[in-house]
Amino acid sequence: MTDTPATHPAHVAIIGGGPAGLMAAEVLSLAGVRVDLYDAMPSVGRKFLLAGVGGMNITHSEPYPAFISRYAERREDIAALLQGFDADALRAWIHGLGIDTFVGTSGRVFPTDMKAAPLLRAWLKRLRDAGVVIHTRHRWLGWNDDGALRIGYPQGELAVKPDAAILALGGGSWARLGSDGVWLPLLAGRGVDISPLQPANSGFEVATWSDLLKQKFAGAPLKNIALSLPGQAPRLGEFVLTEGGVEGSLVYAWSAQVRETINRDGSATLLLDLLPNKPVDKIAAALSKPRGSRSMAKHLHGQLGLDGVKAALLRELTGPEVFADPQRLAAAIKALPIVVVRPRPLDEAISSAGGVKFEALDQGLMLKQVPGVFCAGEMLDWEAPTGGYLLTACFASGRVAGWVCWGGWKTGDFRLIVPASSRARRDEA
């Protein structure tokens, strides 16, 4: 962004103090580069800390082919980033901070104490010891006419003109933690190709629930169930009935496909299997047994163990004619259609889809339209389910941006490719 490396010591500005920005700062500072990191919030890593409140799922231990498939149509782009810093490397890096990890029964990887705060504290100490200067309450406002970065802070505005800059500004979810997406028009104004931000790993709304269902069962979990889209294999898990729809881990697993179906068709149908371990013929046989004077509710409970929110949802989404026919009722129990019409608002989503397209970047994550400016983390146009995949790719992208930025400053040419992995690339077959 400024002079050649021969004229002065290297200086890189990083905008954003999440995992991608902090990882880029680590790479650069350990290489001897002077790093100033700016974050609009009163402290860094806020979304990282909140994500760890229920247990810090840092990455996943599943085999690499399955792992990389979680990034769907962007798997090749993410694979290029993971060459030098995959899930195993991330765990080793965490251990280097003095934080032990373990693999849970689901294959997810957690710090031993399940918390994000000790990891972040140890990391920030390493960064400060390496000379990284962190400026909180400093918001990036774009560029001046001379190419300097505009940084607003409580006392006014700074003009910062580093050798290079790394943008790690997050997506558009959880604005109160700093990921507010206000950077989109700043980059679009420089001709950067950007996909609109959309909710990812989000809940969905139905057209309406009955007042009775909302009053009695909003917030109730549905456990030991399966969920699918038409023509897709069901996935086991659980989700929560909300006042306006559905949310939770099993819904999030289908989030991208459901959202895109709604974008295309105006609605999407989720198929709920209330008894995934019982075949439809056995359910029909149980329902066909005489119930005598017992109510249908007691019959469902006695024969199939269906009651509470499951029975209520079955009533909500079928009619008397279905309950009068054991075969039809059995079919409904195995594939109860829940029609959703919109995702919950972006700011409520766990993460966001959309952002800076990979086609707008070179292989080292530098903006083609703005030489010397790199992008990393969730602000890139990719998405992944929960399970540690989001964090892994954020860490890896920050590492790549940092390495390539440093290499570009050394040579005076930022048109570099991603550094080769120190290990052989894994066979994805």
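Colleague: Where do we start?

Modeller: With a rule: two strands pair if DSSP finds at least two bridges between them. And keep in mind that this is a predicted model.

Colleague: Okay, what makes β4 and β5 a pair, then?

Modeller: Three bridges link β4 to strand β5 (residues 108-111), in the antiparallel sense. The rule asks for at least two, so they pass. In that pairing, phenylalanine 102 sits opposite phenylalanine 110 of β5.

Colleague: Which helix packs on that sheet?

Modeller: Helix α5 (residues 87-96) does, touching β3, β4 and β5. The direction of α5 makes about 145 degrees with that of β4.

Colleague: What is the strand order in this sheet, and why are some of its strands called edges?

Modeller: The order is β3-β5-β4, an open sheet with antiparallel pairing. β3 (59-60) and β4 (101-103) each have a single partner strand, so one side of each has no neighbour in the sheet.

Colleague: Which strands make up the open sheet that includes β8?

Modeller: Three strands, in the order β7-β8-β9, and the pairing is antiparallel. Here β7 (139-143) and β9 (156-160) are the edges, because each has a single partner strand. From one strand to the next, the twist averages 30 degrees.

Colleague: How do you know that β8 pairs with β7 and with β9?

Modeller: Count bridges again. β7 and strand β8 (residues 149-153) share four, and β8 and β9 are joined by five. At least two are needed, so both qualify. On the β9 side, tyrosine 153 stands opposite glycine 156.

Colleague: How many residues lie between the strands in each hairpin?

Modeller: The hairpin of β7 and β8 has five, and glycine 147 there takes a positive phi near 90 degrees. The hairpin of β8 and β9 has two.

Colleague: Let's do rings. Why is the pair of tyrosine 71 and tryptophan 382 called tilted?

Modeller: The centres are 5.9 Å apart, and the cut-off is within 6.5 Å, so the rings pair. The planes are 55 degrees apart, neither under 30 (stacked) nor over 60 (edge-to-face), so the pair is tilted.

Colleague: What does this pair tie together?

Modeller: Tyrosine 71 is in the loop between α3 (64-69) and α4 (75-82), and tryptophan 382 is in the loop between β19 (373-375) and α16 (389-411), so parts 311 residues apart in sequence are tied together.

Colleague: Are those two residues buried or exposed?

Modeller: Buried means under 20% relative accessible area. Tyrosine 71 has 1% and tryptophan 382 has 3%, so both are buried.

Colleague: What makes you say that arginine 235 lies over the face of tryptophan 254?

Modeller: Arginine 235 is 4.2 Å from the ring centre, and the distance limit is within 6 Å. There's an angle limit too: within 35 degrees of the ring normal. Lysine 47 likewise lies over the face of tryptophan 174, at 5.5 Å from the ring centre.

Colleague: Last one: which residues touch the most other members of the largest nonpolar core?

Modeller: Leu187 and Val356, out of 88 residues. Helix α16 gives the most to this core, with eleven residues. Another core, of 44 residues, lies apart from it, and includes Leu241, Leu306, Leu336 and Val340.

Terms used
Residues are numbered from 1 along each chain as its sequence is written. This is a predicted model: local features need pLDDT of at least 70, side-chain atom pairs count only at pLDDT 80 or more; totals for chains, interfaces and linings use all residues. Side-chain values use heavy atoms; hydrogens and water are left out. Rings of Phe, Tyr and Trp (its six-membered ring) pair if their centres lie within 6.5 Å; planes under 30 degrees apart count as stacked, over 60 as edge-to-face and the rest as tilted. Buried means under 20% relative accessible area, exposed over 50%, partly exposed in between (1.4 Å probe, protein chains only). Axes are lines fitted to C-alpha atoms, for helices over the stretch in contact, and angles run from 0 to 180 degrees between N-to-C directions. A nonpolar core is a set of buried Ala, Val, Leu, Ile, Met, Phe, Trp, Tyr and Cys residues joined through side-chain atoms within 4.5 Å. Contact means heavy atoms within 4.5 Å.
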